[in-house]
Amino acid sequence: MLEFVRAKGVYIYDSSDKKHLDLIAGIGVSNVGHCHAAVVKAIQDQAETYMHLMVYGEYVQTPQVNFAKALADILPESLSCTYFLNSGTEAVEGAMKLAKRYTGRKGFTACKNAYHGSTQGAESLMESDFYSSGYGPFLPHVSFIEHNNIADLEKITEVIAAVFIEPIQGEAGIRVADLAYMQALKAKCVETGTLLIFDEIQSGFGRSGKMFAFEHYNVIPDVLLLAKGIGGGMPIGAFISSLEIMSVLSHTPILGHMTTFGGHPVCCAAGLATLRTLVDNNIVDEVEEKGQLFKTLLKHTAIKEIRGKGLMLAVEFENFEVNKKIIDACILDGVLSDWFLHCSNSMRIAPPLIITKEEIEEACSIILKNINLVLS
């Protein structure tokens, strides 16, 4: 097993000081690269100022306010109110409570092969028994639909509080929703009074080639979930909605949702530095072109398909055994990748968004070399 001792940019270094080109970014976390100077400085400055003071929301803390405002500035007006937490799973849990409270309904709909987290509530939204076996019973009143299947939208009725969906499914092996499907989904939610909740925990903060994946569809969700890449490597998540919807958590009871470390000032400072780095350096503008370069260079008869948008890609092989051998060979050759929970025959490619053209060429060359090695 590899032991990593330091990381910088798109490289991680092991205990023998061998460098590894990182094509997974901690599963979509290190969007601006490892130990980005601006993020590190923000962390250091905030740590020297203050860290945890009090349970989230009891006092005004500038790092939380500044990050929330920066998010509101780049999001649609209906997504102006942010609740910070510690992870994506917690964002899902908070959104589930919010939807129940706002609509007065109990039911949820989620997509088959989705992944929204591993706590009891979030895992209730996962249809697969493989990862859930032995941990039930889970929440009742949860139904499942096929991602990208317009006919399945008829299953969304007036008893459903919210539909949880990844506009680009991650652990299903990067399944990109069609424009017509997303617009039909939005219309169905409006028709039934159901909240539309976009899980952009993997796809958010530039990974898809837009700052947020919903921008590809001209569809604004009622609630947006973020985590992973928003903290520049620090643990932070968020659920974001309108003031009207979020205000139901402020009364009866007065503390509708609580978290001790959510909105941690150091994490919020890191998040703001990450956002500013993405925006000020126009990093997202180059993501689609970089993703296309991977698709152009990775040509091989063993590759069945390359799916995805931007730098959120899946390279499909014949089966898991072939995929695993190629991944293992690449790791030994200095390129890090892995597979997907619900799609084990596909290789994940989700590097830091700052990866250069030359580094992409190097990575693709190593992948192709090791495909040939494994299949020879």
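Which residues in helix 10 meet which residues in helix 11? I looked this up in a predicted model, where local features need pLDDT of at least 70 and side-chain atom pairs count only at pLDDT 80 or more, while totals for chains, interfaces and linings use all residues. Residues are numbered from 1 along each chain as its sequence is written, and side-chain values use heavy atoms, with hydrogens and water left out.

**Helix pair.** I found that V322, K325, I326, A329 and C330 of helix 10 meet I366, I367, N370, I371, V374 and L375 of helix 11 (contact: heavy atoms within 4.5 Å; helices: DSSP runs of H or I, at least four residues, numbered from the N terminus). The axes of helix 10 (residues 320-332) and helix 11 (residues 357-375) come within 9 Å and cross at roughly 125° (lines fitted to C-alpha atoms over the stretch in contact, with angles from 0 to 180 degrees between N-to-C directions).

**Domains.** I noted domain 1 (4-31 + 283-375) and domain 2 (38-281), with bounds from an automatic or database domain assignment. Their centres, taken over C-alpha atoms, are 26 Å apart, and 26 residues of domain 1 are in contact with 31 residues of domain 2.

**Core.** I then turned to the largest nonpolar core, which has 114 residues, and F67, F164, L225, F239, F294 and L298 touch the most other members (a set of buried Ala, Val, Leu, Ile, Met, Phe, Trp, Tyr and Cys residues joined through side-chain atoms within 4.5 Å; buried: under 20% relative accessible area, 1.4 Å probe, protein chains only). Helix 8 (residues 265-280) gives the most to this core, with eight residues, and the core draws at least three residues from each of domain 1 and domain 2.

How values were computed. Buried < 20%, exposed > 50% of the residue type's maximum accessible area, 1.4 Å probe, protein only. Helix = DSSP H or I, 4+ residues; strand = E, 2+ residues; numbered from the N terminus.
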